[in-house]
Amino acid sequence: MTTRHQDTPERLLTTDDLERTPDDGRRYELADGRLDVSPAPKPIHTRAASRLSAHLNNGCNGELEIHDAPGIDLNGDRTRHRLPDLAVFDVPLPERGYFSVPPLLVVEIVSPESVIRDTHTKRAEYAAFGIPAYWIVNPLSDKAGLVELRLEDGRYQEAAQAHGEDVFTTDFPFALTLVPHWLTADGPWMRNIGGDAPGRE
């Protein structure tokens, strides 16, 4: 007598499984229960993230929580888990585990291998989770850029964009001006990133 083998459904991974991932510099995320691995970010990426984090912290005067690569569970099953490059929260730290409520803002800094993930996959995931604002930063060394998306009726709509030495201005999650050029350029970035360089009108 033969026994028919039935296909066993693939087990969906949760954030509990992430505790067994290696500490190798890569980012381990979950996309609907499947592992989504990104390589360690390159120096231009980390420079942009570090400078933007500092500028956001200065801009909110410490009144909000600015986190670098915070773990966020995007659903109750904890099978959709993301590590945005930056996020701005107005809630207390979780008592255990990861954040499970929408931040005010998430920021992704695009790399060549993450373009589709950041501009399509994560855009849909963050909108479905109800994150009010999403910035996508392109850290080009010659002309860095930023696109601001705002959530409207469950979908992101472009609110503004700036490139190079354009001055980006927003009022959410707090009033801020930013010159994308100084996210990656050599030189006195801290003095100029807010658009206050001498001679600027």
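Which residues form one aromatic cluster? In this predicted model, the cluster consists of Tyr126, Tyr134 and Tyr156.

Tyrosine 134 belongs to strand S8, which covers residues 133–138. Its relative accessibility is 0%, and tyrosine 134 therefore counts as buried, the cut-off being under 20%. Leaving aside residues up to four places away in sequence, tyrosine 134 is in contact with Leu105, Val106, Glu108, Asp118, Lys122, Arg123, Tyr126, Val147, Glu148, Leu149 and Tyr156. Between tyrosine 134 and glutamine 157, the separation is 23 residues in sequence and 9.8 Å in space, taken from C-alpha to C-alpha.

Aromatic pairs were then considered across the model. The count comes to 4 aromatic pairs. One of them is formed by phenylalanine 89 and phenylalanine 99, which are stacked, with 3.8 Å from centre to centre and 15 degrees between the planes. Phenylalanine 89 lies in strand S6, whereas phenylalanine 99 lies in the loop between S6 and S7, so this pair ties together parts that are 10 residues apart in sequence. Phenylalanine 89 and phenylalanine 99 are both buried. For tyrosine 126 and tyrosine 134, the ring centres are 5.2 Å apart and the planes stand at 90 degrees; the pair is edge-to-face because angles over 60 degrees are classed in this way. Tyrosine 126, like tyrosine 134, counts as buried, because its relative accessibility is 0%.

Helix H2 comprises 18 residues, 43–60. At 1.5 Å a residue, H2 should span 26 Å, and the distance of 26 Å between its end C-alpha atoms agrees with this expectation. The buried residues of H2 are His45, Ala48, Ala49, Arg51, Leu52, Ser53, His55, Leu56 and Cys60. These buried residues pack against strand S3 (65–68), strand S6 (86–89), strand S7 (105–109), S8, strand S12 (176–178) and helix H4 (189–192). The packing partners of H2 accordingly include S8, the strand in which tyrosine 134 lies, and S6, the strand that holds phenylalanine 89. Asparagine 61 follows H2 and has a positive phi, near 55 degrees.

Definitions and conventions: Residues are numbered from 1 along each chain as its sequence is written. This is a predicted model: local features need pLDDT of at least 70, side-chain atom pairs count only at pLDDT 80 or more; totals for chains, interfaces and linings use all residues. Side-chain values use heavy atoms; hydrogens and water are left out. Helices (H or I, at least four residues) and strands (E, at least two) are DSSP runs, numbered from the N terminus. Buried means under 20% relative accessible area, exposed over 50%, partly exposed in between (1.4 Å probe, protein chains only). Contact means heavy atoms within 4.5 Å. The expected span of a helix is 1.5 Å times one less than its number of residues. Rings of Phe, Tyr and Trp (its six-membered ring) pair if their centres lie within 6.5 Å; planes under 30 degrees apart count as stacked, over 60 as edge-to-face and the rest as tilted.
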